[in-house]
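Here are some friendly notes to read with the model open beside you. Take them one point at a time, and look up each place as you go.

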Amino acid sequence: MPAVQDILVLFQTTPALTAPPVAWARYEASKGPIRDLVEEGEPPYDNALAAMRDGWEVIQMSELKHRSADEGYDLGPLPYQTVLSKFNELQDEEDAS
Amino acid sequence: MSEYLISAKQMAQFVASGYLRIDDMVPKDLCEACLVEMRDHHFGYLAVGSSFEETWPKGTALGDAFRLPQVRGLIHSLVGPDPLYDHHAAHLVQAGNTRGPDMHQDSVIDFRENYFDIQLSFFPVDTPDEMGGTFLVPGTQFRSVRTGEIHIYQHMRGKIWATCPAGTMYVWNTGVWHGSRSNHTDQDRYMYKLRLNPTRPQVRNFDTADLDDPEIGKILNTNHGWEGNEHRYELMRRVQMWRFVSGQPDYDQGERFMRRIEYQPTEEVAG
């Protein structure tokens, strides 16, 4: 089976690759879409750097945000994210868990 | 009704975490009657923005459940007298029905300050973990987003979910991030949701006897696990809301971060 791209997104409150994730998401083409989300209490890695040491490649990291007087206290989505990529062998969707 | 008002500490928890869980709100026999109504004849969409008391059906189990004195006390504590009906829905996750990522914020983005709508989530049957009770991320109510764009947060530190006996109600700020979960049992999972609006400023509608309890400062400072570097900014929003609901416009705590907005010398000191 061919190798296809899996994506892991780590969401952080500071942009550093050593920042602990506070939320995370997987988009794994090798397994297909998530139809039954299994709860996870802890992120898969302590930080992006730990994921890199496990073979994940960083394809996007966040820039620092400029803060203005008008928007400096605004809350909204989590402010920073790191996108990681790894290629894995394609599985039949029914075999993926 | 005053005996059913929530305490100041519970109000502080609602401000900090965006929700309260209250067990034994609806007696078992009324839960069973509500379940029959939810299964057999939903009573449709009502007049949004009308008086809740005049609009909400009477002589039905669901009509009675949301008029129980303990439910009235909870509603009064959070949105005050004479609330408006806004929305209701009987949520069903059928037996064996699985769910993928579903994190969302209800309705549409809402930036109103010193204001919040409430949603009551009533669980009429025992809802164990494997049945997939609604999940919430406590403390997210001040983070305005556009409905389902936060599906991308598949997992988040601090996430909780309803695992509760029949008759439990959760009441939550409409802004709290939440979603549905897979039902791995052979029983359908029901939850009944009702949204209400206030008709006057939501100031001191709760029991204020413990308003000066030092525990309130700690409650407002709660760290739910996801705040990280954002915690101080979350605390400022909670302080702003606490000032409003408690009628204490000068309230602050710890390093008094609100001074970074509010303190500005205006008079020259004679030299």
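1. 23 residues of chain B are in contact with 18 residues of chain A (two residues are in contact if their C-beta atoms, placed from the backbone, lie within 7 Å). On the chain B side, the elements that give two or more residues are strand S5 (155-156) and helix H7 (231-246). The largest share, three residues, comes from H7(B). By class, this side of chain B has 10 nonpolar, eight polar and five charged residues. Here Ala, Val, Leu, Ile, Met, Phe, Trp, Tyr, Cys and Pro count as nonpolar, Asp, Glu, Lys and Arg as charged, and the others, Gly among them, as polar.

2. A word on what you are looking at: this is a predicted model, in which local features need pLDDT of at least 70 and side-chain atom pairs count only at pLDDT 80 or more, while totals for chains, interfaces and linings use all residues. Residues are numbered from 1 along each chain as its sequence is written, and chains are lettered from A and ligands numbered from 1 in the order in which they are written.

3. Strands also link the chains. Strand S2 (residues 23-28) of chain A runs antiparallel to S5(B), and two bridges join them. In this pairing A:Ala23 stands opposite B:Met156. The names follow a simple scheme: helices (H or I, at least four residues) and strands (E, at least two) are DSSP runs, numbered from the N terminus. Two strands pair if DSSP finds at least two bridges between them.

4. Now turn to the sheet of chain B. Which strands form it, and in what order? Five strands make an open sheet in the order S1-S7-S3-S9-S2, with antiparallel pairing. S1 and strand S2 (84-93) of chain B stand at the edges with a single partner strand each, so one side of each has no neighbour in the sheet. From one strand to the next, the twist averages 15 degrees. Helix H5 (residues 69-79) of chain B lies across S1, S3, S7 and S9 of chain B, at about 45 degrees to S9(B). For such angles, axes are lines fitted to C-alpha atoms, for helices over the stretch in contact, and angles run from 0 to 180 degrees between N-to-C directions.

5. Six of its six residues are buried, so S3(B) is largely enclosed by the rest of the structure. A residue is buried if 20 or more other C-beta atoms lie within 10 Å of its own, exposed if 12 or fewer, and partly exposed in between, with C-beta atoms placed from the backbone. In a regular strand, side chains alternate between the two faces of the sheet. B:Ile118, B:Leu120 and B:Phe122 point one way from S3(B), while B:Gln119, B:Ser121 and B:Phe123 point the other way.

6. S3(B) has partners to trace. Six bridges join S3(B) to strand S7 (residues 168-173) of chain B, and five join S3(B) to strand S9 (residues 189-197) of chain B. B:Gln119 stands opposite B:Trp172 in S7(B) and opposite B:Arg195 in S9(B). S7(B) has six of six residues buried, so S7(B) too is largely enclosed by the rest of the structure.

7. What about the core? The largest nonpolar core has 74 residues, and B:Ala12, B:Val15, B:Val171 and B:Leu220 have the most contacts inside it. Such a core is a set of buried Ala, Val, Leu, Ile, Met, Phe, Trp, Tyr and Cys residues joined through C-beta atoms within 7 Å. Not counting residues up to four places away in sequence, B:Leu220 touches several residues, including B:Ala16, B:Leu235 and B:Trp242.

8. B:Ala16 sits in helix H1 (residues 8-17) of chain B. Is B:Ala16 buried or exposed? B:Ala16 counts as buried because 25 C-beta neighbours lie inside 10 Å. B:Ala16 and B:Met241 are 225 residues apart in sequence and 9.1 Å apart in space, C-alpha to C-alpha.

9. Most residues other than glycine have a negative phi. B:Arg204 has a positive phi of about 50 degrees, and B:Arg256 one of about 55 degrees. B:Arg204 is partly exposed, with 17 other C-beta atoms within 10 Å, whereas B:Arg256 is exposed, with 12.
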